[in-house]
Amino acid sequence: ASAAPEPSPSPTPAPFTNPLTGEAVEEDISMFRPFGVMINNLPPSLPQRGISNAEILYEIPAEGGVTRMLALFTDISDIESIGTVRSIRPYYAQIAFGYDAIIIHAGGSEAAYSLLRSTGWDHIDGVRETYAAAPFARDPDRIHNGLEHSLFADGAKLMEAIDEKGFELEHEDGEFDYGLSFAEDASAQCTDEAEFAKITFNSYKSMSFDYNAEDGLYYANQYDGEYIDENTGEQVSYTNLLFLHTDIKVIDGYGRLEVRTTGEGDGYFVNGGKYTEIRWERADEYSPFHYYLPDGSELSLGVGHSYVGIMGDDYAAGIS
């Protein structure tokens, strides 16, 4: 009789987790600072590049009824093109502070520059500074849409520019609390169906998501079409959706906004075809967001990428 086949060994699980997603990784990356990149989201700047690599994507209104993204990455070194990169406002910077992130932007409001100067925050700027590595370049095929819609960054060259500036790549204490916890079945915390979710920022701009039960992901749509990453050619998707209410007000003649990113507010968490109401809290601009369920217990995110939309108290989410 032939010998019974040897049982194949079970794969050894990866010993570490990505602190922004809860996903298993082969090496400990918890001590490394993430990167926060300002991304243009006007129709002439689309499709964007590199956003599907961002573990967390914040979408927040900017002046003029548009939104911009703050894309957070644990690693940008192998992303050949990220963008288009656009200018920063104080509230995007303040969110990046809460992750101890190195900021990458192309210009900014005077208030944002003042904040970056006064804090001494590490940032790479594609407008007012130059670097030997030349990490920013304009795509000639995009310039006809407007110069401000044509600037892309090269991840490897950004890392060279960061090295050139002497920025620390690791958190000061070797670790950092991002305020996030993860669960394999985060939808167990939710109470109502969410096959579709939509966040409305104003009369001009919304982002909607369709749930795919086969892979457990929410596929994003905006401007009457799919939200595409040109690097992959594929629709961008998320495991977690967080829609947060806060105070937003116009502060100058240009229509620039003040967006409150600290204190507390209400919102919604969407995961696994279901949703629940939540509360968010943030102690100060150097602290992470914390999320809580209606009973006061801490929310756990699903393992995977997250979208965070921040809207004014006078706008709504539609979930069904």
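Buried here means under 20% relative accessible area, exposed means over 50%, and partly exposed lies in between, using a 1.4 Å probe and protein chains only. Helices (H or I, at least four residues) and strands (E, at least two) are DSSP runs, numbered from the N terminus.

The model is predicted, with local features needing pLDDT of at least 70 and side-chain atom pairs counting only at pLDDT 80 or more, while totals for chains, interfaces and linings use all residues. Residues are numbered from 1 along each chain as its sequence is written, and side-chain values use heavy atoms, leaving out hydrogens and water.

**Stop 1: helix α3**

Select residues 155–165, which form α3, and colour its buried residues: Gly 155, Leu 158, Ala 161 and Ile 162. Look down the axis of α3: these buried residues fall within an arc of 110°, so they line one face of the helix. The arc is taken from the directions from the helix axis to the C-beta atoms.

Now show what covers them: the list includes β3 (35–40), β7 (102–105) and β10 (151–153). Contact means heavy atoms within 4.5 Å.

Next, go to the start of α3, where a side-chain oxygen of Asp 154 comes within 3.0 Å of the backbone nitrogen of Ala 156. After α3 comes Gly 166, with a positive phi near 75°.

**Stop 2: helix α2**

Move to residues 110–119, helix α2, and pick out Ala 112, Tyr 113, Leu 115 and Leu 116, its buried residues. Down the axis of α2, the buried residues fall within an arc of 160°, so they line one face of the helix. Turn to the other side of α2 to find Arg 117 and Ser 118 exposed.

What do the buried residues of α2 pack against? Their partners are α1, β7 and β8. Gly 120 follows α2, and its phi is positive, near 65°.

**Stop 3: Asp 100**

Select Asp 100 in the loop between α1 (90–97) and β7. Is Asp 100 buried or exposed? Its relative accessibility is 14%, so Asp 100 counts as buried. Leaving aside residues up to four places away in sequence, Asp 100 touches Arg 33, Pro 34, Trp 121, His 171, Glu 172 and Phe 176.

**Stop 4: the largest pocket**

Finish by selecting Ile 29, Phe 32, Phe 35, Thr 74 and Asp 75, which lie nearest the centre of the largest pocket, among its 13 lining residues. The lining comprises nine nonpolar, one polar and three charged residues.

Conventions:
A polar contact is a pair of N or O atoms within 3.5 Å; within protein, one must be able to donate a hydrogen and the other to accept it, and residues adjacent in sequence count only if both atoms are side-chain atoms. On a 1 Å grid over the protein atoms alone, a cavity is a set of points where a 1.4 Å probe fits but cannot get out, and a pocket is an open set with protein on both sides within 12 Å along at least five of seven lines; lining residues have an atom within 4 Å of a point. Ala, Val, Leu, Ile, Met, Phe, Trp, Tyr, Cys and Pro count as nonpolar, Asp, Glu, Lys and Arg as charged, and the others, Gly among them, as polar.
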